[in-house]
Amino acid sequence: MDLIWLIPLLPGFGAALNGVVGIRFFSKRVAGLLACSTMALALALAVWAFVELLGLPPEARAHDVVLADWIPPIPLETAHGIGAFEAPWSFRLDPLSAVMTLVVSGIGFLIHVYSIGYMHGESRGAYARYFSYLNLFCFFMLTLVLGGNFLVMFVGWEGVGLCSYLLIGYWYEKKSAADAGKKAFIVNRIGDWGFILGIFLVFFTFGTLDFRAVADAAAAMPVEAAGFGTLSLICLFLFIGATGKSAQIPLYVWLPDAMEGPTPVSALIHAATMVTAGVYMVARNAILFTHAPMVMTIVAVVGVLTALMAATIGLVQTDIKRVLAYSTVSQLGYMFLATGVGAFAAGIFHLMTHAFFKALLFLGSGSVIHAMAGEQDMRRMGSLRKYMPVTYVTMLIGTLAIAGIPPFAGFFSKDEILFRTFLDNRLIWGLAAITALLTAFYMFRLMSMTFDGAYHGPAWEGHGHEGADHGHGGHGGHDAWHGPHESPRVMTIPLMALAVGAMVAGFVGVPAALGGNNAIEHFLEPSFTASAAVHGEAVAGETTEAAAPAAAEAGGEAAAGHGEEAAHAPLAVEWGLMLLSVLLAVVGIWFARRNYVTRPEASEALATRFAGAHRVLLNKYYVDELYDATAVQGTLGGARGLWAFDRRVVDGAVDGSGWFTRLSAWISHMFDKYVVDGLVNLVGWSAGESSYALRRVQTGLIQNYALLMLIGVFALLTVYLFTR
Amino acid sequence: MTPITPAHYMVLSAALFIIGVIGVLVRRNIIVIFMSIELMLNAVNINLVAFARDWQHRVGPDHVIGQVFAVFVIVVAAAEAAVGLGIILAFYRNKETVNIDEMNLMKW
């Protein structure tokens with residue numbers, strides 16, 4: 001376990017090697033193998049650390065490793081006088097980060113392998129660049145989940161944002177891809193602003209950034225049941241950060257556009273790992289959040305609204321990856337809903353199962369896109385089942401999992417969330433249940449349009465299909481396209497591995513009602529409670545204010561408290577809810593198959609009947625347009641205004657002073673030229689002119705001089721004689 | 001017969017001097033001009049000697065300053081004649097003329 005710092009550093013090393021020398025020198029084979037082997041080693045280390053962690057007693061399952069000093073103690077003002085701001089490179093392995101590490105390194109490894117097949121059409125340098133970015137992403141993501149304090153987590157947080165930007169814009173020659181990358185980055189910055197304000201406030205309030213210390217200190221503080229205090233403000237800021245990274249209302253708009261990146265990237269970053277960082281961050285600060293019930297409510301409401309809104313948009317999208325993107329937004333909403341009602345373990349459980357089945361679905365869609373030579377529009381697919389059976393079966397498993405059909409993984413995690421929501425708030429539960437129905441519908445719509453019905457895609461050689469006029473437009477680097485085909489083994493094996501995951505991952509969290517013991521919840525529980533010493537203190541303090549309504553949740557009893565409550569709820573309710581959610585899923589599936597397989601005309605009839613609603617959904621509620629009209633145009637307008645100010649006033653002043661300097665220089669020049677030089681020249685000129693006249697006197701003839709001298713003598717004599 | 005008084009000498013002297021001046025001013029030949037200058041010098045000598053003799057008659061025989069001065073003038077005139085003739089000779093060698101109108105280089 002002391003080697004956990006190696007888990008992020010291994011892919012970091014791979015990224016550096018591929019990035020520095022690989023782009024120029026490595027063959028595709030070497031670059032791919034290097035990236036995959038670093039991930040394999042990281043996965044092996046993660047498993048080893050996990051096994052070691054399991055070997056410890058539950059209350060001792062936390063291990064901190066300080067790799068190096070980073071920021072030495074700096075005296076800074078805090079709420080309790082001068083504190084020491086310091087942040088070492090500390091890594092923390094506890095049940096929560098262990099689960100996340102396993103998910104990231106495991107799915108990351110599978111997607112690295114899959115990428116070898118998916119990206120084989122790229123040129124050599126671009127291939128190494130791709131793997132360098134992908135490894136770099138894993139480095140930052142593992143830093144994020146293993147970070148032992150807010151600042152290390154923030155390094156990872158920003159790093160994954162950077163990698164997301166780099167990978168969305170991987171095909172940077174394509175304007176839409178470059179724009180989507182920028183959009184993702186900029187929207188994320190808004191969230192990061194909230195996150196970093198939260199970090200500042202955490203330091204100001206607690207005088208430390210270490211997760212454990214902050215959690216213990218927060219556990220000792222009273223629950224802000226009635227008001228909106230410092231803890232609530234911290235949690236709100238952190239949640240703003242989470243909405244950015246995890247694509248929640250109002251910052252979800254970047255995720256659907258992020259589908260411009262290569263499909264394995266969508267699977268890894270925009271479905272399985274990075275977008276769940278917000279959920280992880282909220283869960284990591286579970287104790288803070290349980291002390292801020294108002295913010296918890298905000299989280300739950302935002303979560304369920306996001307889930308519902310994204311699901312409705314997903315109903316009408318025709319791009320296979322966009323459906324999955326909205327599905328991801330929707331499922332992330334579920335996870336926030338879980339954390340918002342205090343079911344942190346259920347949120348993380350859903351995060352884990354979602355990572356499996358959503359990565360599977362994305363990789364499956366990538367396999368389809370690969371088979372269709374770049375086509376992403378589901379209306380031009382159909383009947384692919386017979387061409388690519390492995391993809392079909394694995395994707396079907398993923399779809400059943402997300403729809404919540406037992407015994408696939410999604411059923412257990414989603415049902416847990418629905419159940420806990422039901423106990424907390426019936427209205428929110430209702431919205432979440434509708435979302436479950438919609439989820440089943442749009443996912444089976446996707447499956448039906450892609451794999452069932454008639455083939456609507458372009459024709460290929462030896463297949464006289466009526467769609468011949470579609471040509472081979474979307475078909476890039478290959479010489480000839482021989483129709484849809486099953487993907488190579490390097491792609492189908494990760495699909496199969498993930499399908500197995502999507503089938504069995506749910507069994508770690510079988511609820512008590514079904515005879516299980518909800519192992520994952522008990523495993524994760526220590527991460528959501530304060531350490532034992534503080535726990536005791538808090539309980540002691542609690543007796544003094546036992547009247548406070550939410551006091552039962554104080555002192556880190558949040559998760560456990562809910563667990564007990566859950567145990568007390570009638571078994572019948574839990575069973576009923578399970579039956580209901582399965583029923584909803586079945587209804588959704590039936591409706592989808594009816595509309596898109598048995599009676600394809602029914603869906604068009606629906607679309608025309610509810611034309612207004614259909615148009616709104618097709619345009620994604622016009623949120624992009626709204627943001628464009630307000631935030632984007634506002635920013636641009638402000639920029640233009642400042643530009644005009646710069647241009648007119650600042651430049652004007654500078655130009656004016658330049659002009660004035662030139663003018664005065666010109667005046668001075670003229671004075672010099674005509675007055676000063678004129679006087680000097682006048683002296684010379686007048687001397688020259690007068691000498692021209694006077695030189696006539698100098699005849700050079702001695703006799704003239706002598707005569708003049710004589711005349712002078714006479715003149716002097718005359719004066720002398722007559723004036724005496 | 002009227003005695004010869006300094007006035008008579010002065011008239012002679014003035015006449016000689018004026019002849020010299022006119023010679024200097026009007027003649028073209030530099031030799032003649034030179035001779036005219038000598039004429040002027042000797043007019044002065046006559047004056048000096050005449051007044052020195054008048055002074056001897058009236059004050060005493062020791063007063064001969066004027067005659068001594070005249071001797072000086074004669075010496076200086078001799079020196080001047082030597083130098084002047086040397087210049088004229090040099091000039092003649094260059095220009096092959098002794099016409100004073102040709103000697104106008106010292107102007108402008």
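**Briefing on chains A and B**

Of the 108 residues in chain B, 11% are buried. The model is a predicted one. Chain B contains three helices and zero strands, and its contacts with chain A involve eleven residues of chain B and ten of chain A.

**Chain B: elements and overall form**
- Read from the N terminus, the order of elements in chain B is α-α-α.
- Chain B is more spread out than a compact globule, because its radius of gyration is 18 Å, well over the 13 Å that the globule rule gives for 108 residues.
- The C-alpha trace of chain B spans about 55 × 25 × 25 Å along its principal axes.

**The interface between the chains**
- Ten residues of chain A meet eleven residues of chain B in this interface.
- The side of chain A that touches chain B comprises five nonpolar, four polar and one charged residues.

**The largest nonpolar core**
- The largest nonpolar core has 211 residues, and Phe137(A), Leu337(A), Ala359(A) and Ala502(A) are those with the most contacts inside it.
- Helix H15 of chain A, residues 344-371, gives the most to this core, contributing 17 residues.
- Phe137(A), named above for its contacts inside the core, is in contact with Val160(A), Cys163(A), Leu167(A) and Ile269(A), when its neighbours within four places in sequence are left aside.

Technical notes: Residues numbered from 1 in each chain as written. Chains lettered and ligands numbered in written order. Predicted model: local features only at pLDDT ≥ 70, side-chain atom pairs only at ≥ 80, totals over all residues. Contact = placed C-beta atoms within 7 Å. Nonpolar A, V, L, I, M, F, W, Y, C, P; charged D, E, K, R; others polar. Helix = DSSP H or I, 4+ residues; strand = E, 2+ residues; numbered from the N terminus. Rg over C-alpha atoms; globule rule 2.2 N^0.38 Å. Buried ≥ 20, exposed ≤ 12 C-beta atoms within 10 Å, placed from the backbone. Core = buried A, V, L, I, M, F, W, Y, C linked by C-beta atoms within 7 Å.
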